[in-house]
Each structure stands twice: as C-alpha cells, then as structure tokens.
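Here is a friendly note to read with the model open beside you. Take the points one by one and find each place as you go.

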Amino acid sequence: MTHPARVLVVDDEPAIHRFLTPALLANDYEVLRADNGSDALRQIAADAPDIVILDLGLPDMDGKDVIARVREWSSVPIIVLSARDREAEKIAALDRGADDFVNKPFGVGELMARLRAALRHRMQRDGETPVVSVGGLEIDVPRRRVTWRGAEVSLSPREFDLLAFLARHAGKVVTHRQILTAVWGPAHEHDTQYLRVYVGQLRQKIEPNPSDPRFILTEPGIGYRLLDVV
C-alpha cells in the first residue's frame, strides 16, 4: 500500500474511539469512524477502507448483519471487536465472513498484531501469492509441495488439501465448518472429530513440537488458524 492503511472503527461506545484512535494514529494508520451499522455500510462503500474493526452490538443492527451485507460486494478484512464471548457468536461472525475477532477487554498490542496479519493476508490474496512461507515451513500450493527448512515433507492428498486451505487463509481464524465443507464437502460439515484427527496428523509432520504447536493454532470450540509469522 502506498498510503497509510485506512482503518474504519465501527463502535457506538465513544470511549472505544477515544482509546483506539490515538493508538491507531501512533501506529501510522488513518482512522475513520462510524457509530452504527448504517453509517459503516455507507463509509465502506464510499471511502473503501483497507480494514474494518467492527463491534457486534450496534444500536441500529447486529454487527453480524453488517458483515453479511458487506460480503455481498466487498472482501475488505473485518476484525470483530466485541464483548460477546460466546462461541456461537464468534462462529456466526466468522461464518458470515469476518476475518478475525478480538474480545473486549483487549490489549492494544494484540489488536495491532491482528490488524497487521489481516492486512498481510489481504495483500497476499490480492497478489495471489502461490507460496506461503511461515518460519521455515514453505507451502507451495500450485505444486502441492511442502518443505520444512528445505526438506520435503510427505503428506497424503487430504492432509495437503487441509494444509493448503489453512495456508490460503493464513493469519485468519477459520471455523470447523468452513474447513470441513471446503476440504471434505458439505456432507461432512459436522465431523469435527474427523478434522481433529487430520490436524493431529499434520502437526506430527510439520510441527517441531506437535504437543506445543507453533504453526497450526487451535481456537477452542471454533476452529484453527495457520500462524503467518513465527
């Protein structure tokens, strides 16, 4: 990006804006503000922000509905920032197209890291990067080849498909349902135990310490995230 990344903060709490705006400006972001869902939709369409930080509890509509409407015409990264900590709420937001979520209360450092990861993923996607490299692990999607520190890793076709899906969404939380539907098909969208077995097999092959994974991270009750920086 040649200009400072523009962040649209959508929240009806003035205290959140007073807290976040200086932190974003200090990290060289341009800050836009919306206090409700309708204004957020208008600004996303008119101002084309690079990323959106979105509260789910808005005064005029549910934040999940904002996500669904935006996803009809835009792929802008959306990070949910919400006090709703129920797994069902997070899963619903991700399934509707959110890229990530951060719970309130939150740390500025964590939020800035999530912003950077989402923006990197967008640039990779827009550039259609065919190879994902993560701390010595290299995933060459077109060639269906995986190496760890230069040594080739032998994966089954299904293991590779699973890893490739995670690589295409590196840095982003993907739900069990999203993974199962994409890799195994809609008939298997509820086979979470099946998915855990394959994730375990992958970790045995690509993780330096499978019991303490550094690449494929678990989001308990929700899904997985392939860490895009180690």
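1. Two strands pair if DSSP finds at least two bridges between them. Helices (H or I, at least four residues) and strands (E, at least two) are DSSP runs, numbered from the N terminus. With that in hand, look at Val174: its bridge partner in strand 12 is Tyr224.

2. A word on what you are viewing. This is a predicted model, in which local features need pLDDT of at least 70 and side-chain atom pairs count only at pLDDT 80 or more, while totals for chains, interfaces and linings use all residues. Residues are numbered from 1 along each chain as its sequence is written, and side-chain values use heavy atoms, with hydrogens and water left out.

3. Now the overall picture. The protein has 8 helices and 12 strands. Its radius of gyration is 18 Å, close to the 17 Å that the globule rule gives for 230 residues, so the protein is as compact as a globular protein of that length. Here the radius is taken over C-alpha atoms, and the rule is 2.2 Å times the number of residues to the power 0.38. Along the principal axes, the C-alpha atoms fill a box of roughly 50 × 40 × 30 Å. Of the 230 residues, 49% count as buried; buried means under 20% relative accessible area, exposed over 50%, and partly exposed in between (1.4 Å probe, protein chains only).

4. Which order do its 5 strands take? The order is 2-1-3-4-5, with parallel pairing. Strand 2 (30-34) and strand 5 (100-103) stand at the edges with a single partner strand each, so one side of each has no neighbour in the sheet. On average, neighbouring strands of this sheet are turned by 20 degrees against each other, direction ignored. Axes are lines fitted to C-alpha atoms, for helices over the stretch in contact, and angles run from 0 to 180 degrees between N-to-C directions.

5. Strand 1 (residues 6-10) pairs with strand 3 (residues 51-54) in the parallel sense over 4 bridges, and Leu8 has Val52 in strand 3 as its bridge partner. Helix 1 (residues 14-26) packs on the sheet, touching strand 1, strand 2, strand 3 and strand 4 (78-82). The direction of helix 1 makes about 165 degrees with that of strand 2. Contact means heavy atoms within 4.5 Å.

6. Turn to the interior. A nonpolar core is a set of buried Ala, Val, Leu, Ile, Met, Phe, Trp, Tyr and Cys residues joined through side-chain atoms within 4.5 Å. The largest one has 31 residues, and those with the most contacts inside it are Ile139, Leu162, Ile179 and Ile216. Helix 6 (157-168) is among the elements that give two or more residues to this core, and its share of 7 residues is the largest. A second, separate core of 24 residues includes Leu8, Val52, Val80 and Phe101.

7. Strand 10 (residues 174-175) is joined to strand 12 by 2 bridges, and the two run antiparallel. Strand 11 (residues 216-219) also pairs with strand 12 in the antiparallel sense, over 4 bridges. Ile216 has Leu226 as its bridge partner in strand 12. In the hairpin of strand 11 and strand 12, 3 residues lie between the strands, and Gly221 takes a positive phi near 75 degrees.

8. Is Val153 buried or exposed? Val153 is buried, with a relative accessible area of 14%, and lies in the loop between strand 9 (151-152) and helix 6. Leaving aside neighbours within four places in sequence, Val153 is in contact with Val146, Thr147, Trp148, Lys205 and Ile206.

9. Finally, some backbone details. Most residues other than glycine have a negative phi, and most peptide bonds are trans. Asp28, in the loop between helix 1 and strand 2, has a positive phi of about 70 degrees and counts as exposed at 60% relative accessibility. Arg149, in the loop between strand 8 and strand 9, has a positive phi near 50 degrees and is exposed, with a relative accessible area of 64%. A cis peptide bond joins Lys104 and Pro105, with omega about -5 degrees; Pro105 is found in the loop between strand 5 and helix 5 (108-127).
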